[in-house]
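Hello,

Here is the structure you will be taking over. My notes follow below it.

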Amino acid sequence: SSDLDLIGICNVNYGANHASLYGLGIAPQFQGKGYGRTLLNLLLTKIADRKTSYLTLQVGSENQKAFSLYRSSGFQIKTQYDYYEYIIECEAQ
C-alpha cells in the first residue's frame, strides 16, 4: 500500500459541446461516506469549466445507490434502455 490508495474512478469523454460520464465507482469499503458525491461534484465543476452544454451518463436502474446519487444531483432520465439476456448452453468440444 502506498501513501495514496485509489478509492474511486471515473471516465469522461468529450465531444464538441457534450460530455459522457461512465464508469464512476467507489471501492465498496468507502461507499456511503460521501466520496461518490464529492467525486461527481468535482467532475461536474470540471466539465462546466470546459463550457460543455450537456452531460450524459448511463446507470443500471437496479443500481439504486448510483441511481439515487445521480437523481439527487439533478440528473433526469432522458432515455431508458432495457437490455435482455439469453443464455445459450453449448456442449464442450
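**Sheet, helices and pockets**

L21 stands opposite L57, a residue of β3. This is a predicted model, in which local features need pLDDT of at least 70, side-chain atom pairs count only at pLDDT 80 or more, and totals for chains, interfaces and linings use all residues. Residues are numbered from 1 along each chain as its sequence is written, and side-chain values use heavy atoms, with hydrogens and water left out.

**Overall layout**

The protein chain holds two helices and three strands. Both kinds of element are DSSP runs, numbered from the N terminus: helices are H or I of at least four residues, strands are E of at least two. Along the sequence the pattern reads β-β-α-β-α. The radius of gyration (taken over C-alpha atoms) is 17 Å, well over the 12 Å from the globule rule for 93 residues, so the protein chain is more spread out than a compact globule. That rule is 2.2 Å times the number of residues to the power 0.38. The C-alpha atoms fill a box of roughly 55 × 40 × 25 Å along the principal axes.

**The sheet**

The three strands make an open sheet, ordered β1-β2-β3, with mixed pairing. β1 (8-14) and β3 (54-57) are the edge strands; each has a single partner strand, so one side of each lacks a neighbour in the sheet. Neighbouring strands are turned by 25° against each other on average, direction ignored. Axes here are lines fitted to C-alpha atoms, for helices over the stretch in contact, and angles run from 0 to 180 degrees between N-to-C directions.

Two strands count as paired if DSSP finds at least two bridges between them. β1 and β2 (residues 18-26) pair in the antiparallel sense over six bridges. They form a hairpin, with three residues between them. I9 has G25 in β2 as its bridge partner. Y14 stands opposite A19 of β2. β2 and β3 pair in the parallel sense, over four bridges.

Which strands does α1 touch? Helix α1 (residues 35-49) packs on the sheet and touches β1, β2 and β3. Contact means heavy atoms within 4.5 Å. The direction of α1 makes about 160° with that of β2.

**The pockets**

The search used a 1 Å grid over the protein atoms alone and a 1.4 Å probe; a pocket is an open set of points with protein on both sides within 12 Å along at least five of seven lines, and lining residues have an atom within 4 Å of a point. Grid points are joined across faces, edges and corners, and a volume is the space filled by probe spheres set on the points.

The largest pocket has a volume of about 820 Å³. It is lined by 24 residues, and L57, Q58, V59, T79 and Q80 are the closest to its centre. β2, β3 and α2 (64-72) each give two or more residues to this lining. β3 gives the most, with four. The lining divides into 12 nonpolar, eight polar and four charged residues. Nonpolar means Ala, Val, Leu, Ile, Met, Phe, Trp, Tyr, Cys and Pro; charged means Asp, Glu, Lys and Arg; the others, Gly among them, are polar.

The second largest pocket has a volume of about 450 Å³. Of its 23 lining residues, I26, G36, K65, A66 and L69 lie nearest the centre. β2, α1 and α2 each supply at least two. β2 has the largest share, six residues. By class, this lining has 11 nonpolar, nine polar and three charged residues.

Best wishes
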